[in-house]
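Dear colleague,

I am passing on the structure below, and my notes on part of its helix packing follow it. Please read them with the model open.

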Amino acid sequence: MQRAYRFAIAYFALFGLLLLASAAALFASKIGFSLQGIELYYLGSETVPGKSPYGLLESAVPHLGAMGLFIMVGAHFMLFAPARAKRRTLYLALALFAAALLDIAGGYFIASGAVSLVWVKFAAYITLSLLGTLLMLQLLYYAFWHSLSPRRHPR
């Protein structure tokens, strides 16, 4: 693989890790890493209003596009990896898409009164963050420490 591709993939992975870290910082400051914090964020309290369906939609639309594109590009870069990593990446990408969809839908579940599903939102966010980090670290590994180009066997 050409050196320029390796650097492009590595920059994507580094910016992806920064994106995931900043998302975790925002989640921690706005919502907090507790089920009660998530419930309070979406349902509100006497002093803080909850999220409206329109507000949830305003947030969901760009997140659907951005998360889908981020996962698709990251998984696409793994096409240059060995076959074993490609199979693993397929399952990783499917799990990431499912976690992203549940993360976005989790807010709707809670705001519509299904408070018992707060754990779905929390588990989906944690899964999305951890698997996204795994994908970015995997890209860095294949960009620098393992060949991203297909192995060529002499005939």
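This is a predicted model: local features need pLDDT of at least 70, side-chain atom pairs count only at pLDDT 80 or more; totals for chains, interfaces and linings use all residues.

Residues are numbered from 1 along each chain as its sequence is written, and side-chain values use heavy atoms, with hydrogens and water left out.

The 29 residues of α4 should span 42 Å at 1.5 Å a residue, and its end C-alpha atoms are 43 Å apart, which agrees; the expected span is 1.5 Å times one less than the number of residues. After α4 comes glycine 113, whose phi is positive, near 105°.

Helix α2 (residues 35-43) packs on α4 (residues 83-111) at an angle of about 75°, with the axes 9 Å apart. That makes α2 roughly perpendicular to α4, a term that covers angles of 65 to 115 degrees. Ile38, Glu39, Tyr42 and Leu43 of α2 meet Gly107, Ile110 and Ala111 of α4 in this contact, where contact means heavy atoms within 4.5 Å.

Among the buried residues of α4 are Leu92, Leu96, Ile104, Gly107 and Ile110, buried meaning under 20% relative accessible area with a 1.4 Å probe, protein chains only. Their cover includes α2, α3 (53-77) and α5 (118-145).

With kind regards

Notes: Axes are lines fitted to C-alpha atoms, for helices over the stretch in contact, and angles run from 0 to 180 degrees between N-to-C directions. Helices (H or I, at least four residues) and strands (E, at least two) are DSSP runs, numbered from the N terminus. Angles under 35 degrees count as roughly parallel, over 145 as roughly antiparallel, 65 to 115 as roughly perpendicular and the rest as oblique. Buried means under 20% relative accessible area, exposed over 50%, partly exposed in between (1.4 Å probe, protein chains only).
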